[in-house]
Structure formats: C-alpha cells, structure tokens
Amino acid sequence: MRAGRHEAAAEILAHCVAASGGAPALVALQAQNALLAGDAAGAEAMLRAALAAGATDAALHSVLAHALLTHGQMADAAPHFTAAARLAPRDGYLAHLAAAANGIGTDRATDSYVTALFDGYAPRFEHSLLALGYRVPGLFRRAIERALPEVAAGRARLGPVLDLGCGTGLVGVALADYLGGPLTGVDLSRGMLEQAAAKHLYAELLQLEIGAALDRAWPPQAVVTLADVLIYLGQLEPVIGGCRRALAADGLLVFSAESFTPADPAGQGWRLLPSGRYAHAPAYLRHCLAAAGFAILEWREEDLRLEADGPIGGVVVVARPVGH
C-alpha cells in the first residue's frame with residue numbers, strides 16, 4: 001500500500017479481512033488502501049458496512065471521515081472525527097482533527113498530530129505537493145533575490161540559514177546555489193528529516209519542536225525561513241520573537257502563512273480551519289512582527305498551492321530587525 005501497489009494490497013487485505021472474520025482494524029486498512037487508490041466511494045461503502053454490523057473502532061471512523069473529506073463533506077465527516085477521538089482519547093492526531101472539524105479553536109496543533117501526519121506522508125510528500133502546484137520554496141527564492149540583490153547577482157553569498165520546519169528540504173533546494181554558509185534544518189518529523197538528509201544540502205538536521213529549537217542559542221543567522229510552518233500554529237508571538245533572537249542584526253525572516261480577511265469576532269487574530277491548518281489575519285501577523293521588533297520589507301499576497309476546491313491564498317512576508 002505504501003509503495004502505491006494498491007491492487008496487490010487490496011487482494012492481500014481482502015484475504016486478511018476474510019480470514020479474521022472482518023476485524024475492524026483490517027477493514028480500516030482495506031478502506032484506507034481503496035481511498036489512496038482513488039476509490040473514495042468504495043472505501044466509504046466498506047466502512048459504513050462495518051459500522052452497520054456493529055464494529056466499534058477509532059480507525060473505522062477516522063478513515064471514513066477522510067473519505068468524506070475527499071468530496072468536501074465536512075459536516076458529515078465531523079461526527080466521525082469526534083467518534084474516533086473519543087475511542088482513542090490519547091491520540092493527539094485524532095484530537096486535533098476533531099477540534100478542527102467542530103470549530104474548536106486550540107492554539108496550536110499537537111506535536112503528535114504533526115509527527116503522525118508527516119511521518120506517514122514523508123515518502124510521497126514531494127510528489128503530492130508538486131501535484132498541488134506548491135509554490136512556496138520558489139516564492140522564497142524570489143523574495144530573497146529582491147531583498148538581497150547582491151546575492152542574486154553573485155556578488156555575495158547567503159548564510160548561515162536556519163530552515164524551521166524544513167520538511168523534505170525543498171527550501172534548501174531552492175536556495176542551494178546561493179548558500180555560502182551552513183544550512184540547518186529543524187523538523188519534528190523523523191521521516192521528513194530522512195528525506196531532507198538524502199539531498200545532502202544541510203550541514204545539520206535536528207528533530208526538535210519549533211519552540212525548543214528557538215530556545216537554543218544560535219549563532220546569528222543571516223536568514224530564518226518558515227515555509228508552511230505557521231499553518232500548524234495559532235498563537236505566533238513566541239515563534240516570531242524566537243526568530244528575532246536567532247537572527248543577525250541585518251538578517252531576514254521569510255515566512256508564508258494562510259490568511260483570512262473577513263471579520264474576526266473573537267479578536268484573536270487566527271482561526272483553526274476544518275482542514276486542520278491555521279489561518280491568520282493580516283493585522284495579527286503585522287502585530288506579531290512589530291511586537292518582536294521587525295520591520296516588514298515585503299508583503300505579497302500569493303496563491304500558495306491548490307486544493308480540491310481551488311487555490312489556497314496566503315502571504316509571503318520578508319522582514320528585518322528594526323533599525324536595519
């Protein structure tokens with residue numbers, strides 16, 4: 001199944017389900033395989049049949065919720081995420097998805113959610129993102145070229161660079177020919193770090209939560225990047241402040257964020273979306289930057305990637321410590 005050989009996996013899983021008398025965990029795997037093969041309707045039918053027969057298992061509800069999401073049926077998926085979280089109360093991944101589906105605004109995704117999401121996603125991460133027209137690493141490159149024309153012209157080199165939430169290393173690839181100092185990657189997912197290590201671009205790769213990473217005493221960094229990292233955080237003041245401490249006095253902070261512009265009745269500046277990601281109000285982003293001592297050099301509204309219902313809008317921001 002992980003190798004993409006879904007037809008062969010379906011044959012083996014059908015045998016296992018029959019031999020086990022319909023064990024719920026195996027039915028959930030069978031349905032997950034169908035979902036990954038593009039047969040959401042078939043996956044849904046398997047799962048509903050198992051639930052109708054009286055099976056009770058968190059995985060059945062979780063996979064059914066994901067199958068419903070492929071058709072944009074968030075209202076139908078929400079009770080299944082809730083049921084899955086109740087059946088597996090220690091599962092931070094399911095807890096976060098249940099909160100997102102039900103509009104409960106936690107202030108950040110749990111570490112277990114991020115780890116589970118990306119450890120499982122790592123082998124197919126880049127293929128999936130390219131299929132979605134993912135643009136952020138290239139947008140970062142262009143933004144740095146505009147902010148540092150001497151680097152773009154080859155008269156200066158870039159570094160050291162701290163790539164927070166480095167994932168599989170796509171930002172490292174985008175900046176590789178500009179580097180003149182060490183590139184350090186930080187990520188919570190071991191699977192993603194293994195993919196980044198295979199690119200042989202990073203001087204060091206660290207498996208750390210972002211807060212723990214920013215509590216370290218870093219040599220002054222020329223650039224700190226956060227590519228699609230803030231979408232897993234609601235409250236941003238600690239992270240933006242930590243980036244300021246890690247930067248050299250003339251360094252650059254470069255980040256992307258999903259944004260929203262309608263009214264913000266709660267006044268908190270961010271919201272947890274049904275997708276499990278966070279979007280931030282532009283005014284809140286500007287507030288966090290100003291509070292941490294940053295001046296904005298560039299603020300560009302961009303389509304960051306595609307999703308089933310169209311482009312995902314956001315911003316790419318370049319900021320520098322005040323006074324430089």
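## Parallel strands around β4

Strand β1 (residues 161-164) and β4 run parallel and are joined by four bridges. Helices (H or I, at least four residues) and strands (E, at least two) are DSSP runs, numbered from the N terminus, and two strands pair if DSSP finds at least two bridges between them. This is a predicted model, in which local features need pLDDT of at least 70 and side-chain atom pairs count only at pLDDT 80 or more, while totals for chains, interfaces and linings use all residues. Residues are numbered from 1 along each chain as its sequence is written, and side-chain values use heavy atoms, with hydrogens and water left out.

From β4 the chain passes through helix α14 (residues 237-246) to β5 in a right-handed β-α-β crossover; right-handed means that, with the strands pointing away from the viewer, the path from the first strand over the helix to the second runs clockwise.

## Two arginines of strand β8

Arginine 305 is located in strand β8 (residues 294-307) and is buried, at a relative accessible area of 7%. Its side chain makes a polar contact of 2.5 Å with that of glutamate 258. A polar contact is a pair of N or O atoms within 3.5 Å; within protein, one must be able to donate a hydrogen and the other to accept it, and residues adjacent in sequence count only if both atoms are side-chain atoms. Beyond its neighbours within four places in sequence, the contacts of arginine 305 (heavy atoms within 4.5 Å) include Tyr134, Asp228 and Arg277.

Arginine 300, also in β8, is partly exposed, with a relative accessible area of 33%. A polar contact of 3.4 Å links its side chain to that of glutamate 302.

## Cysteines

With a disulfide taken as a pair of cysteine sulfur atoms within 2.5 Å, the count is zero. Cysteine 166 is in no disulfide, and the nearest cysteine sulfur, that of cysteine 243, lies 14 Å away. Cysteine 243 is likewise in no disulfide, its nearest cysteine sulfur being that of cysteine 288, 11 Å away. Cysteine 166 is buried at 6% relative accessible area, and cysteine 243 is buried at 0%.

Notes. Buried < 20%, exposed > 50% of the residue type's maximum accessible area, 1.4 Å probe, protein only.
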